[in-house]
Amino acid sequence: MVRLKNILLAVDVLAEGMEADGDMPIEIRSAVVGARRAAEIESGRLTVVTVLPEDADPELLDLGRHVIEDRVVPLLDGVDVSVVALSGHPVLELIRVVLREGVDLVVVGARPVRLLHRAIIGSVAMGLMRKCP
């Protein structure tokens, strides 16, 4: 049986509803619940990662970390959690974390995307499905 000891939860802190007084988007909340459950079952470690735009300054990275600490970490009570905020292309940065940290499972919330948007830009979830080891 494969053990999932190292779990990565990717969270878009710039998503609508992630601000302090907003309702967390259902796709993010569902991903958080799923990652927590996997970490509890496997007694695994959970790394919550957000990837901000390439030109993000240190203040924006700090803000990203604080959003995760304030909005996501309280939902992960009882789980070994670390928080990381990076800048760059989301799919590439997340794959780098997977390879560097030896991640066993990646959990990402996916929202419905309009066909034209997906055809031109794609999505982080789709990019990870296609390229993540």
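1. Helix α3 passes helix α5 in a right-handed crossing, a crossing being right-handed if the near helix is turned clockwise from the far one by less than a right angle, and left-handed if anticlockwise. The axes of α3 (residues 90–101) and α5 (residues 124–131) come within 9 Å and cross at roughly 50°; axes are lines fitted to C-alpha atoms, for helices over the stretch in contact, with angles running from 0 to 180 degrees between N-to-C directions. The two helices are therefore oblique to each other (under 35 degrees counts as roughly parallel, over 145 as roughly antiparallel, 65 to 115 as roughly perpendicular, and the rest as oblique).

2. In this pairing, P90, V91, L94 and I95 of α3 meet V124, G127, L128 and K131 of α5, contact meaning heavy atoms within 4.5 Å. The residues of the contact comprise 6 nonpolar, 1 polar and 1 charged (Ala, Val, Leu, Ile, Met, Phe, Trp, Tyr, Cys and Pro count as nonpolar; Asp, Glu, Lys and Arg as charged; the others, Gly among them, as polar).

3. The model is predicted: local features need pLDDT of at least 70 and side-chain atom pairs count only at pLDDT 80 or more, whereas totals for chains, interfaces and linings use all residues. Residues are numbered from 1 along each chain as its sequence is written, and side-chain values use heavy atoms, with hydrogens and water left out.

4. The chain has 5 helices and 4 strands, taken as DSSP runs numbered from the N terminus (helices H or I, at least four residues; strands E, at least two). Along the sequence, these elements follow the pattern β-α-β-α-β-α-β-α-α. Of contacts between residues at least 6 apart in sequence, 78% join residues at least 24 apart. Of the 133 residues, 39% count as buried (under 20% relative accessible area; exposed is over 50%, partly exposed in between, with a 1.4 Å probe and protein chains only).

5. The largest nonpolar core holds 25 residues, of which L9, V11, M18, I28, L46, V48 and V72 touch the most other members. Such a core is a set of buried Ala, Val, Leu, Ile, Met, Phe, Trp, Tyr and Cys residues joined through side-chain atoms within 4.5 Å. At least two of its residues come from each of β1 (6–10), α1 (26–42), β2 (45–52) and α2 (58–72), and α1 gives the most, with 6 residues. A second, separate core of 12 residues includes A10, V51, L94 and I95.

6. Leaving aside residues up to four places away in sequence, G17 touches G22, D23, M24, P25 and R71.

7. G88 lies in the loop between β3 (80–87) and α3 and is buried, with a relative accessible area of 11%. With residues up to four places away in sequence not counted, G88 touches V51, L52, P53, E54 and E93. Although G88 and E54 are 34 residues apart in sequence, their C-alpha atoms are 4.0 Å apart.

8. S43 deserves a separate remark. Although not a glycine, S43 has a positive phi of about 50°. S43 is placed in the loop between α1 and β2 and counts as exposed, at 57% relative accessibility.
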